[in-house]
Amino acid sequence: MLHFADSLTFSGRKVVAAWAALPFPALPGSSLPDILSAHQQGLPWKLLSSCREQKLSCCFAQSVVLRGICQEKCSSCPGQPPSPLASCESPEQLLQQFLHTQFPGAFSTSLVLQQPCDTRPPFPQFFSPLLTRRGFLLDKAQGFSSAGVESVPVLAALQSCPVLHGLLSGLCRQLQEPRVRRWSSFGTAGLEQDDFQEALEELRTLSQCYHTGLAADGAEDEEESD
């Protein structure tokens, strides 16, 4: 994972954020272009990293994997208007084009796998009754328990993105609090005050590598100055 994260970081950045949609919302029998076109206004994933800012407006680099959507379903369903993504020749090209539309200018790698995520026990059975056994969405609840969900389609990503500015600057603020310096573990670990201040300054510099000047970043900077 360290080497993988390194491949997505540049310009002094060292940290990536994890996102996932589990399950990725899709209707049974839908084509991949139709599924992605339904999410043109924003991906349905959730932030897994401990950042307070949940809204993703842009990213610098990303690696995205979509699994569990049949690769042969790359054309629009009969009777529906053709999707702008339907001209792509492969699932990977389709996902890459979609990511380019969502995050123009970002460095993106993508991979589409046919095998879904296996959710049979001991996987936690926390799924909605609106899911089929294969993890696709229904209009109304099915007749069997949600524990019968055997697999789900998943979209997952690692991103170098501005939301990490809030995470790193928040960590700086916590480490600046006086009580941290009184923790005995710092002394027993052999950490000198000068080394601590140097590490804190490096962390502050790293957080600024994710600063974009957007409103969210400005709010974080204001909090940090307080």
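**Close-up views of the predicted model**

Figure 1. Ser11 lies in the loop between helix 1 and strand 1; helices (H or I, at least four residues) and strands (E, at least two) are DSSP runs, numbered from the N terminus. The structure is a predicted model, in which local features need pLDDT of at least 70 and side-chain atom pairs count only at pLDDT 80 or more, while totals for chains, interfaces and linings use all residues. Residues are numbered from 1 along each chain as its sequence is written, and side-chain values use heavy atoms, with hydrogens and water left out. Although Ser11 is not a glycine, its phi is positive, at about 55°. Most residues other than glycine have a negative phi, and most peptide bonds are trans. With a relative accessible area of 56%, Ser11 is exposed; the classes are buried (under 20% relative accessible area), exposed (over 50%) and partly exposed (in between), with a 1.4 Å probe and protein chains only.

Figure 2. Leu2 belongs to helix 1, which spans residues 2-6. Its relative accessibility of 63% places Leu2 among the exposed residues. Leu2 and Lys14 are 12 residues apart along the chain, and their C-alpha atoms are separated by 9.5 Å.

**Figure 3. Two cis peptide bonds.** Leu22 and Pro23 are joined by a cis peptide bond with omega near 5°, and Pro23 sits in the loop between strand 1 and helix 2. Another cis bond connects Pro121 to Pro122, with omega about 15°. Pro122 is part of the loop between strand 5 and strand 6.

**Figure 4. The largest nonpolar core.** Within a protein of eight helices and seven strands, the largest nonpolar core comprises 40 residues; such a core is a set of buried Ala, Val, Leu, Ile, Met, Phe, Trp, Tyr and Cys residues joined through side-chain atoms within 4.5 Å. Trp19, Trp45, Leu95 and Leu155 have the most contacts inside this core. Two or more residues come from each of strand 1 (17-21), helix 2 (32-37), strand 3 (61-67), helix 3 (91-102), strand 7 (154-160), helix 4 (163-176) and helix 7 (193-208). Domain 1 (1-160) and domain 2 (165-209) each supply at least three residues to the core, the domain bounds being taken from an automatic or database domain assignment.

Figure 5. Leaving aside residues up to four places away in sequence, Leu155 touches Trp19, Ala20, Ala21, Phe24, Leu43, Trp45, Val64, Val65 and Leu66, where contact means heavy atoms within 4.5 Å. Another core, of six residues, lies apart from the largest one and includes Cys117, Leu131, Val152 and Val154.

Figure 6. His165 is a residue of helix 4 and is buried, at 0% relative accessibility.

**Figure 7. Salt bridges.** Side chains of opposite charge can pair when their charged atoms come close. The structure has three salt bridges, each defined as a side-chain nitrogen of Lys or Arg within 4 Å of a carboxyl oxygen of Asp or Glu. Asp118 pairs with Arg120, with 2.9 Å between the closest N and O atoms; Asp118 is partly exposed at 40%, and Arg120 is partly exposed at 49%. In the pair of Glu150 and Arg134, the closest N and O atoms are 3.8 Å apart. Both Glu150 and Arg134 are in the loop between strand 5 and strand 6, 16 residues apart. Glu150 has a relative accessible area of 29% and is partly exposed, as is Arg134 at 49%. Glu201 and Arg204 form a salt bridge with an N to O distance of 2.6 Å. Both residues lie in helix 7, three residues apart, or about one turn of the helix, and Glu201 is partly exposed at 41%.

**Figure 8. A nonpolar surface patch.** Leu27, Leu130 and Leu137 make up a nonpolar surface patch with about 220 Å² of accessible area together. Patches consist of residues with over 30% relative accessible area and no salt bridge, like charges being joined within 9 Å and nonpolar side chains (Val, Leu, Ile, Met, Phe, Trp, Tyr) within 5 Å. Accessible areas follow the Shrake-Rupley method with a 1.4 Å probe, and for residues only the protein chains shown count as cover. Leu137 is in the loop between strand 5 (117-118) and strand 6 (151-152) and is partly exposed, with a relative accessible area of 31%.
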